Amino acid sequence: MAIRPRPPAVRRAGPRDARALAECHVACWQEAYGGLVPGAMLDGLDVAERAERWVTILADRTSATYLAALPGEVIGFASSGPCRDPDPAHALELFAMYVRAAWHGTGVADRLLAAAVRDEPASLWVFEANPRARGFYARHGFHPDGTRQVEPGTGVPEVRLVRAQRR
């Protein structure tokens, strides 16, 4: 009989998680966005700088970040809060969701999405040329609403996905 590894715990992130979130965030970008985002940008991602940003994000009480963790390692996270769009489709926005590549297809992302947005109407931005992410979100009821933009930090086109109330 094979021993199954314990599923990662999903919990709300706190200030002490900033460094581990930053490490996961940088690793996820490097794993997911090669060939989509300029390589020099991916190579230049700095964990210490990202950790400082996470300290600020985690201090914001209007948003929430949930992480999936194994002992000593964050393997994924999802952040949500009030929509930042000037023309919000819904009040709630999924700001970010990432899972380490080794955990793709294991249900971790499903659990993180459920923690961050529950069954609420929500919107999110995703790189237009990211079929894996777009397929995942479509399975969870998110569909393009026709709104596009260029992500300012990367210059890569994004599309807004929206989801109505789920039953």
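**Calling it by the numbers**

Biologist: Where is the place of Arg118?

Modeller: Arg118 sits in the loop between α4 and β5. Helices are DSSP runs of H or I with at least four residues, strands are runs of E with at least two, and both are numbered from the N terminus. This is a predicted model, where local features need pLDDT of at least 70, side-chain atom pairs count only at pLDDT 80 or more, and totals for chains, interfaces and linings use all residues. Residues are numbered from 1 along each chain as its sequence is written, and side-chain values use heavy atoms, with hydrogens and water left out.

Biologist: Why is Arg118 called partly exposed?

Modeller: Its relative accessible area is 44%. Buried means under 20%, exposed means over 50%, and partly exposed lies in between (1.4 Å probe, protein chains only). Arg118 falls in between, so partly exposed is the label.

Biologist: What is the phi of Arg118?

Modeller: It is positive, about 50 degrees, although Arg118 is not a glycine.

Biologist: Which residues does Leu113 touch?

Modeller: Arg118 is one of them, and Leu94, Met97, Phe136, His140 and Phe142 are the others, not counting residues up to four places away in sequence. A contact means heavy atoms within 4.5 Å. Leu113 belongs to helix α4, residues 108-117.

Biologist: Why does Leu113 count as buried?

Modeller: Its relative accessibility is 2%. That is under the limit, so Leu113 counts as buried. Leu113 and Leu67 are 46 residues apart in sequence, with their C-alpha atoms 10 Å apart in space.

Biologist: What makes Ala69 count as buried?

Modeller: A relative accessibility of 17%. That too is under the limit, so the label holds. Ala69 lies in strand β2 and touches Pro8, Ala9 and Val74, leaving out residues up to four places away in sequence. Ala20 is 49 residues away along the chain, yet the two C-alpha atoms are separated by 9.5 Å.

Biologist: How far does helix α1 reach from its first C-alpha to its last?

Modeller: Helix α1 has 15 residues, 18-32, and reaches 21 Å, close to the 21 Å expected. The expected span is 1.5 Å times one less than the number of residues.

Biologist: Which residues in α1 are buried?

Modeller: Ala18, Leu21, Ala22, Cys24, His25, Val26, Ala27, Cys28 and Trp29. The buried residues of α1 pack against several elements, including α2 (39-43), α3 (47-59) and β2 (64-70).

Biologist: How many helices and strands does the protein have?

Modeller: Five helices and seven strands. From the N terminus on, the order is β-α-α-α-β-β-β-α-β-α-β-β.

Biologist: Why does the radius of gyration agree with a compact globule?

Modeller: The rule is 2.2 Å times the number of residues to the power 0.38, and the radius is taken over C-alpha atoms. For 167 residues a compact globule would be near 15 Å, and the protein has 16 Å, which agrees. Buried residues make up 43% of the 167. Of contacts between residues at least 6 apart in sequence, 61% join residues at least 24 apart.
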